[in-house]
Amino acid sequence: MKGIVSKVALGVAGTGMAVAVAAVAIGPRVSDWYSGRHQEQAAYETGTQAKADRRSMPAWLPDNASGVKYLMSTTGDDRLLRATLPEGRLPVGCTAGLPGRAAHPVPESLKAGWFPENVVTKASGTCGHYNVALTGNQLYAWQDGAAVQAALRAGNVAKH
């Protein structure tokens, strides 16, 4: 009887170890898949194409912008946007400088290889609820869903 109990205990311990190893190896991929399934990414040649294809694309994006890249959360208002602006200046309707003390954070839930990690330190203005950084003629814009919801609750109703 002792031999059977030992074998069962060893089997249970071995199975537990296998499950633990699998969780460590597969867990991050499952987490990435789960997070990524609530995101949509797109690329467009021009601002006109981007705005025609997506209702969530901000209206302030110039029609003549090129190389537009966009990543959005489908479960909230988190957004990342990159575009090349031929004039190298903020779009019409945008404001240089930041209201309040600092830019709102780049949404942690969104990551894209084309969007720099340290862009908040280069924030130079706002376009609607987006904070923006203009580097040469490259515009980086991000919208934090929590900041949008707070602004909407405060009565500032313009969403994009």
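The legends below walk through several close-up views of a predicted model.

Local features here need pLDDT of at least 70 and side-chain atom pairs count only at pLDDT 80 or more, while totals for chains, interfaces and linings use all residues. Residues are numbered from 1 along each chain as its sequence is written, and side-chain values use heavy atoms, with hydrogens and water left out.

View 1. Starting at the N terminus, the order of elements is α-β-α-β-β-β-β-β-β-α. Helices (H or I, at least four residues) and strands (E, at least two) are DSSP runs, numbered from the N terminus. Of the 160 residues, 34% are buried; buried means under 20% relative accessible area, exposed over 50%, and partly exposed in between (1.4 Å probe, protein chains only). The protein has an accessible surface of about 9600 Å², and carbon and sulfur atoms hold 58% of this area (Shrake-Rupley method, 1.4 Å probe; for residues, only the protein chains shown count as cover). Among contacts with a separation of 6 or more, 57% join residues 24 or more positions apart, where contact means heavy atoms within 4.5 Å.

**View 2. The open sheet of 7 strands.** Follow the strands across the sheet and you meet them in the order β1-β2-β3-β7-β6-β5-β4, with antiparallel pairing. Two strands pair if DSSP finds at least two bridges between them. At the edges lie β1 and β4, each pairing on one side only.

**View 3. The disulfide between C94 and C127.** This is the 1 disulfide that the structure holds, with sulfur atoms 1.9 Å apart; the cut-off for a disulfide is a pair of cysteine sulfur atoms within 2.5 Å. The link joins distant parts of the chain, 33 residues apart: C94 sits in the loop between β3 (79-84) and β4 (95-96), and C127 belongs to strand β5 (residues 125-127). The torsion about the S-S bond is about 115 degrees, so this disulfide is right-handed. Both cysteines are buried, C94 with a relative accessible area of 16% and C127 with 0%.

**View 4. The largest nonpolar core, made of 19 residues.** A nonpolar core is a set of buried Ala, Val, Leu, Ile, Met, Phe, Trp, Tyr and Cys residues joined through side-chain atoms within 4.5 Å. Look for M57, W60, L61, V68, L81 and V132, which touch the most other members. Two or more residues come from each of β1 (39-46), β2 (66-73), β3, β6 (130-135) and β7 (138-143); β2 gives the largest share, 3 residues. Setting aside neighbours within four places in sequence, V68 is in contact with residues including A42, Y44, L61, L81 and A83. A second, separate core has 12 residues, among them A103, L110, A112 and W142.

**View 5. Helix α3 (residues 145-153) and its buried side.** The buried residues of α3 are G145, V148 and A151. They span an arc of only 125 degrees around the axis, so they lie on the same side of α3; the arc is that of the directions from the helix axis to the C-beta atoms. Their cover includes β7. On the face turned away from this buried side you will find the exposed residues A146 and R153. Just after α3 comes G155, with a positive phi of about 105 degrees.
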